[in-house]
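This report goes through one protein chain, from its overall division to single residues. The sequence and the structure come first.

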Amino acid sequence: IAATQPRTNWNLKENAREHHTSKFSSEELVVRRGQAFTITFNGTEQPEKNLIFIAETGPKPSKATKTLATFDVSSTASKEGWSAVLQSSSSSSVSISISSPHNAVIGRYRLSVQSGTSSPAILGTFVLLFNPWSSGDNVFMPDKAECEEYVLEEFGIIFAGNKNHISSFPWNFGQFQGDILNICLSILDRSLYYRQDPVTDVSHRHDPRYLGRVLSAMVNANDDQGVVLGNWSGKYEGGKNPTSWTGSVEILQSWKKSGFKPVKYGQCWVFAAVLTTVLRCLGIPTRTITNFSSAHDADGNLRVDEYYDADGNHLERGADSVWNFHVWNESWFTRNDLGPSYSGWQILDATPQEESGGIYQCGPASRHAIKEGEVDLDYDGPFVFAEVNADCMYWNYDSATGKKTLIFSKSTEIGDSISTKAVGRDARVDVTRDYKYEEGSAKEREIFKKARKKLGLEDKFDPTAPKREEIEQKPDISGKFKVAGSLEVGKDLDLLLVLENLQSDAKTVNVKMTAWSTLYTRRRVSQIWKDSLSVTLAPKEEKQFPIKIKYPEYQQQLTTDKTIQVTALCHVENGIQVLVKRNITLDNPGIDIQVLGAAKVNKEVAVEVAFTNPINAEVKDCVLQVEGSDLLQGVLELHIPPLKASEKSSTKFKLIPSEAGPKYLVVNFSCDKFADIKTFKVINVIN
């Protein structure tokens, strides 16, 4: 056998079909653990006799670390270890069914065969992945439709905006495209864990809990030169604006092409989307989750403090913050370390916010543990619990004296409309109840107190029971901002400030109002408007004050997040201050996609994208970006001439679909006045 190198037939098509790996575009066998695959090879004398197989992975394969297995031909597949069963043999070739254990280390293996006393001959390499279709696997998902969505689906919808106005945009995960599988495997080999101790790291790669944590660190560039560099400054020179990406493939390929230099730039949904791609690629069921009014509790007291000056300007004080939305991941696997009730969806967050174990990684935190306030269980329970449950404290801060005065506190502000894409449909599903009991219910407060107690906070300042000097007086008036028109970029912003006197005597109120353009993290970028008014409200009277912020006033200052924070600080004579605030997300105008003719495999089909300039000024620097798994290779970028007021542009391009079925075309249009207008079109490709 040593003399002639055996020729191996990996039965790529049949094995891939059985193992749900047909979508990989690899010439190498890709299979899932705990399930048999069949190979045929020739070049062995007396094939059935004395065949010994060797499967090995990692830099120093050994039986002790379960990265090396030797097994001979047996009559039945083994339940425990690796095994080989003879399927058929002839004088020139032998067909063997090989099975791996349910808990095998995943990654690239080298397979060799030895016959008699001769030295082993290499049959070749194959890649072994997690197997959510197999009941013995830690990532087993009983619902086949969920396996299809959370492992095999390359298209996703990510929710954004704010809790009053939820928007969404498409994303091309592309986990089966080109060399994405190889890039995902190289991410594992570049982690700090691997660099410190490659042998131990590889031996832990049977465990989705371990890999989830490692990858939550590797998808961000902090600590380890990982995939994406975060930037929340509002200035993105030297890289791409985070809102301009349309998929993960370009990001992962850029990282590899540059010699593994972090890709510039990402924000939360980019980290979450890339992590979804990597985990789905490796076979761990994963989805993106958007949390609205998401708390970043930097000091671990389950409370976020926000500060305002006398004019109602939101101050950058303290490390706590509340984001309009934040996107993280859930992955599905068992928690043998915690017990059966904590299995199922696990929260992972690749956005670098706080260190955990000395590096920027977060999770996996059991979603069930978060709901029950079990914040002491691994990993990062207190941070995740605060993201959806923290109480909010609003303070008036006097920079001259350093004095802070509590304006009010709210326990129902954080963790709203927690959202994910539906299985098999392009719709939003609300999963808030899976994270917490109903806001304001006795059970929800009980869980909050339980979490505080576990963190040793029960003796410290409890926002729901303030100290004497911080006890809130009841406010004399209430206020809110109402939207009075459309919320569109390019149009004036019309709001109503509604003030109501809650008392039975007249009240005089002085109101200071400001509007700032912000990032989605509510970080202030520039002031766009300010005004003040004085009003006397008769007993129990409600008054409305129209506010108009004209498009030319905000156009230059608006960030690509299209977010504006409006605040009114109401000073009531002889009463306490009342803070009224609203975060507003504006909508972009739409774009229209038409497919001109039937889409067939390997045949050209034309697509037309139309955009009408809705404002009465020219727009320039127009760029159209198009991508879609199995519809075109990479990202197509088209430059479009400037458009005069109300002018319509129509751009045509051709696609050559490579596979049949429903395929998603993702389109992004940008110009100097409108950033990153995203939409998608489902194209049904036929053979």
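Two residues are in contact when heavy atoms of theirs lie within 4.5 Å. In that sense Asn389 touches Ile414, Lys436, Glu444 and Phe448, leaving out residues up to four places away in sequence. The structure is a predicted model.

## Domain layout

The chain is divided into domain 1 (8-129), domain 2 (144-455), domain 3 (474-585) and domain 4 (591-685). Between domain 1 and domain 2, the centres taken over C-alpha atoms are 38 Å apart. Their contact takes 21 residues from domain 1 and 21 residues from domain 2.

In general, the strands of a sheet pair through backbone hydrogen bonds, either parallel or antiparallel.

Strand 3 (residues 37-42) pairs with strand 7 (residues 93-99) in the antiparallel sense, over 6 bridges. Asn42 has Ser93 in strand 7 as its bridge partner.

## Glu56 in strand 4

Strand 4 (residues 51-57) contains Glu56. The relative accessible area of Glu56 is 15%, and the residue counts as buried because this is under 20%.

With residues up to four places away in sequence not counted, Glu56 touches Pro61, Thr67, Leu68, Arg108, Tyr109, Arg110 and Ser112. One of these contacts, Tyr109, is 53 residues from Glu56 along the chain, and the two C-alpha atoms are separated by 5.3 Å.

## The annotated transglutaminase-like region

An unreviewed UniProt entry places the feature "domain: Transglutaminase-like" at residues 260-352. Over residues 260-352 the chain is 16% helix and 44% strand. The end C-alpha atoms of this stretch are 18 Å apart.

Thr277 lies in helix 8 (residues 268-282). Thr277 is buried, with a relative accessible area of 0%. Apart from residues up to four places away in sequence, Thr277 touches Phe173, Gly174, Gln175, Ile180, Ser248 and Leu252.

## The annotated binding site

Which residues does UniProt list for "binding site"? The unreviewed entry gives Asn389, Asp391, Glu439 and Glu444. They span 56 residues in sequence, yet no two of their C-alpha atoms are more than 12.1 Å apart, so they gather at one spot. Of these residues, Asn389 and Glu444 are included in the lining of the second largest cavity.

Asn389 is found in helix 10 (residues 381-389). Its relative accessibility is 4%, so Asn389 counts as buried. Glu444 has its place in helix 12 (residues 442-454), and is buried as well, with a relative accessible area of 3%. Leaving aside neighbours within four places in sequence, Glu444 is in contact with Asn389, Ser411, Tyr437, Glu438 and Glu439.

How values were computed
Residues numbered from 1 in each chain as written. Predicted model: local features only at pLDDT ≥ 70, side-chain atom pairs only at ≥ 80, totals over all residues. Heavy atoms only, no water. Pairing = 2+ DSSP bridges. Helix = DSSP H or I, 4+ residues; strand = E, 2+ residues; numbered from the N terminus. UniProt positions renumbered as here; feature names shortened; annotations may be inferred. Buried < 20%, exposed > 50% of the residue type's maximum accessible area, 1.4 Å probe, protein only. 1 Å grid on protein atoms, 1.4 Å probe; cavity = no way out; pocket = protein on both sides within 12 Å on 5 of 7 lines; lining within 4 Å. Domains from an automatic or database assignment.
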